[in-house]
Amino acid sequence: ALLCDLDCRLQHAGGHSSGVAQSQTQTLMSPSEPATPSLSALPPSGHSLQEAEKGHSLWQDAWYRLRKNRMAVLGGVFILIMGLASLIGPAIVTHGYQEQNLELRESPPSSEHWLGTDKLGRDLLARVLYGGRISLTVGLVATAVSLTIGVLYGTLAGFCGGKVDAVMMRLVDILYALPFTIFVILLMVFFGRDIRLMFLAIGAVEWLTMARIVRGQVLSLRKQEFIEACIALGLPLHRIILRHLAPNVLGPVIVYSTLTIPAVMLLEAFLSFLGLGVQEPMCSWGSLIKEGAEIMEEAPWLLIFPGSLFAMTLFSLNFLGDGLRDALDPRASKD
């Protein structure tokens, strides 16, 4: 009986202690502070990093830096306005660019003819707008031709190096020794005086300086660590040129392109002066300046208006080129 009584007391004490321990465990498992969430409830680390920092491409950074350059923006706006005016202006003005009125020849600016008339009584405003179309088209197309040839030629010469570079650049030196104006004249004489041929002829002789500029940039870049890493990884030549070399030479190419456009316009004016450029009744800014210079004392407005537009276009191209050079340089520091 004593043993049974002792056993019952021990069981009662053990049940009481287990209940206390269970209540303490429940109290510890339900604190007032919130529990830490499980790992399955957390977002993926890659997704959170993407939301934390978004990358920007070269063109987005270039556009941001270009907008901060006010002179470059003003230059681009002026070129855009001149391009639109030259494109749609001749169709809006009341007088045609080849409509003659000998009774009003060399008349000063008036309400009927806002910029006056030339020596044949043609409206100068219509001829300036039409001449801007021709000059800008010649500059853009010929520059595009020279840009394509010069960039490809200079990139191949600079990247290959060695004997290939020496042979290719000696060919450039030989072509430099030839008078390019005579070369253009020969092309115009043999193949006709078509204005489309003049685009190709001028562009075919303006690529030499572009090739030298690109070749010098590529020579300075081909020994850089990132280019050597691309070669060691076995990347194809076209990928190295387009993805790694082209962005680094884009700044000088754009700047020189903006300077090539007015140079091409001057060359076209020289050809027009020799009678090999734009033929009558068509006109360009170069031919209008040449006509205005002949009778500058009698009718100075014939030289002032086309000359002023040509000078403003030149300044705008220079400002835009400087802004694009700073904006498109991938080595520039990010703002």
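**Salt bridges**

The structure holds 6 salt bridges; the model is a predicted one. One of them joins Asp 118 to Arg 122, with 2.9 Å between the closest N and O atoms. Asp 118 is buried, at a relative accessible area of 4%, and Arg 122 is buried as well, at 3%.

Lys 119 and Glu 294 form a salt bridge through their side chains, at 3.9 Å from N to O. This pair links distant parts of the chain, 175 residues apart: Lys 119 belongs to the loop between α4 and α5, and Glu 294 to helix α12. Lys 119 is partly exposed, with 36% relative accessibility.

**A pair within helix α6**

Asp 173 and Arg 170 meet in a salt bridge of 3.0 Å, N to O. Both residues lie in helix α6 (residues 162–177), 3 residues apart, or about one turn of the helix. Asp 173 is partly exposed at 27% relative accessibility, and Arg 170 is partly exposed at 46%. Elsewhere, salt bridges that share partners join Asp 118, Arg 122 and Arg 127 into one network.

**The bend in helix α11**

Helix α11 (residues 237–273) spans only 45 Å between its end C-alpha atoms, whereas a straight helix of 37 residues would span 54 Å. In α11, a kink of about 55° lies at Ala 246, shortly before the proline Pro 247.

**Surface and interior**

Met 71, Leu 74, Phe 315 and Phe 319 make a nonpolar surface patch of about 410 Å². Helices α4 and α13 each give two or more residues to this patch. Phe 319 lies in α13 and is partly exposed, at 35% relative accessibility.

Ser 86, in helix α4, is buried at 2% relative accessible area. Ser 86 touches residues including Leu 129 and Arg 133.

Terms used
Residues are numbered from 1 along each chain as its sequence is written. This is a predicted model: local features need pLDDT of at least 70, side-chain atom pairs count only at pLDDT 80 or more; totals for chains, interfaces and linings use all residues. Side-chain values use heavy atoms; hydrogens and water are left out. Patches are made of residues with over 30% relative accessible area and no salt bridge: like charges are joined within 9 Å, nonpolar side chains (Val, Leu, Ile, Met, Phe, Trp, Tyr) within 5 Å. Accessible areas come from the Shrake-Rupley method with a 1.4 Å probe; for residues, only the protein chains shown count as cover. A salt bridge is a side-chain nitrogen of Lys or Arg within 4 Å of a carboxyl oxygen of Asp or Glu. Helices (H or I, at least four residues) and strands (E, at least two) are DSSP runs, numbered from the N terminus. Buried means under 20% relative accessible area, exposed over 50%, partly exposed in between (1.4 Å probe, protein chains only). Contact means heavy atoms within 4.5 Å. The expected span of a helix is 1.5 Å times one less than its number of residues. The bend at a residue is the angle between axes fitted to the seven residues ending there and the seven starting there. Lists of a residue's contacts leave out its neighbours within four places in sequence.
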